[in-house]
Amino acid sequence: MIKIQNITFKYDNSEILKDISFEVREKEKIVLLGINGSGKSTLLKIINGLIFPQKGKYFYKNEEINEKKLKEREFARKFRKEIVLLFQNPDTMIFNPTVYDEIAFGLRQLGISDIDDRVRYWANKLGIYKYLDKSPFELSGGEKQKVCLASLLAVEPEVMLLDEPTANLDPRTTGWLIDFLYELDLTTIITTHNLGLALELGERGLVLSEDHYLIYDGDIKEFMKDIEKLKKANLVHFHKHNNREDKHYHIHDF
Ligand SMILES: Nc1ncnc2c1ncn2[C@@H]1O[C@H](COP(=O)(O)OP(=O)(O)OP(=O)(O)O)[C@@H](O)[C@H]1O
Ligand SMILES: [Mg+2]
């Protein structure tokens, strides 16, 4: 469904993704791991067709995605409906006067007919129905994230890209979201640097190293057992613990 072929992406002159290749099959649940700045958000933006790599190719359903392809209106409309991205910071997504309009916006853009039904259905599903007439700017971080999720789900996409979706959520809502995403019959790619959560978010892990290479693609449980790979990704930390004997590696869960 998604094929990333030897992609290299640069901001200015620094390479943020280096020679990245992988494929994603329909309905796969993928966790994209890597420390701050490793390139996770950049990779999701490429898959969402917002930015384009300088080298390599990206295919979605066997169509090569590039700037030219996304200028074809009919194709762009279909692509934008099928593949959506939940941004890392919900504030960058929110701009409508009410929660209702926020959820309806994408549907109006795509010329979908049953807008009112969909807005109410997803607002209800995400527990934000009571805020429909409120300004989304007045909501808490977690509530804003739910509004953003509702606006994407209402489009009924095939692929959801979620950039640190649990960052603003409390443990109860995080648990709810994990179950909710698991039950959705969608292809999902979720980024996190939270190793504890990674196991819950998917079965297959893709791991970016600090120097922007893809250093692992496989079973996420196996990755968690591989201390050398965890060290290479800088996802574990060695603590000396002043005056304590128990020198060991920590998997940070925060
Ligand atoms: N618009 C931009 N212009 C220039 N450099 C950028 C831009 N966006 C990101 N970068 C740089 O690219 C690198 C990768 O950024 P990216 O946001 O993809 O990392 P990330 O893995 O998502 O990190 P985090 O865990 O902090 O979200 C960072 O060093 C960042 O400073
Ligand atoms: Mg990021």
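Tutor: Two residues are in contact when heavy atoms lie within 4.5 Å. This is a predicted model, in which local features need pLDDT of at least 70 and side-chain atom pairs count only at pLDDT 80 or more, while totals for chains, interfaces and linings use all residues. Residues are numbered from 1 along each chain as its sequence is written, chains are lettered from A and ligands numbered from 1 in the order written, and side-chain values use heavy atoms, without hydrogens and water.

Student: With which residues is Glu26 in contact, leaving aside its neighbours within four places in sequence?

Tutor: Glu26 sits in the loop that joins strand S2 (14-24) to strand S3 (29-33); strands (E, at least two residues) and helices (H or I, at least four) are DSSP runs numbered from the N terminus. Once neighbours within four places in sequence are set aside, the contacts of Glu26 are Met1 and Thr187.

Student: What distance separates the C-alpha atoms of Glu26 and Thr187?

Tutor: Along the chain, Glu26 and Thr187 are 161 residues apart.

Student: Is Glu26 buried or exposed?

Tutor: Buried means under 20% relative accessible area, exposed over 50%, and partly exposed in between (1.4 Å probe, protein chains only). Because its relative accessibility is 51%, Glu26 counts as exposed.

Student: What separation do the C-alpha atoms of Asp217 and Thr187 have?

Tutor: Asp217 belongs to strand S10 (residues 214-219) and is partly exposed, with a relative accessible area of 39%. Beyond four places in sequence, Asp217 contacts Phe22, Arg204, Gly205 and Leu206. Asp217 and Thr187 lie 30 residues apart along the chain, and the separation of their C-alpha atoms is 17 Å.

Student: Is Thr8 buried or exposed?

Tutor: Thr8 is part of strand S1 (residues 2-11). Not counting residues up to four places away in sequence, Thr8 touches Glu15, Leu17, Lys18, Asp19, Pro53, Gln54 and Lys55. Since its relative accessible area is 8%, Thr8 is buried.

Student: At roughly what angle do the axes of H3 and H5 cross?

Tutor: H3 covers residues 99-109, and its axis comes within 7 Å of that of helix H5 (residues 141-153). Axes are lines fitted to C-alpha atoms over the stretch in contact, with angles from 0 to 180 degrees between N-to-C directions. The axes of H3 and H5 cross at roughly 35°.

Student: Which residues of H3 and H5 make the contact?

Tutor: On the H3 side, the contact involves Val99, Glu102 and Ile103. The partners on H5 are Val147, Ala150 and Ser151.
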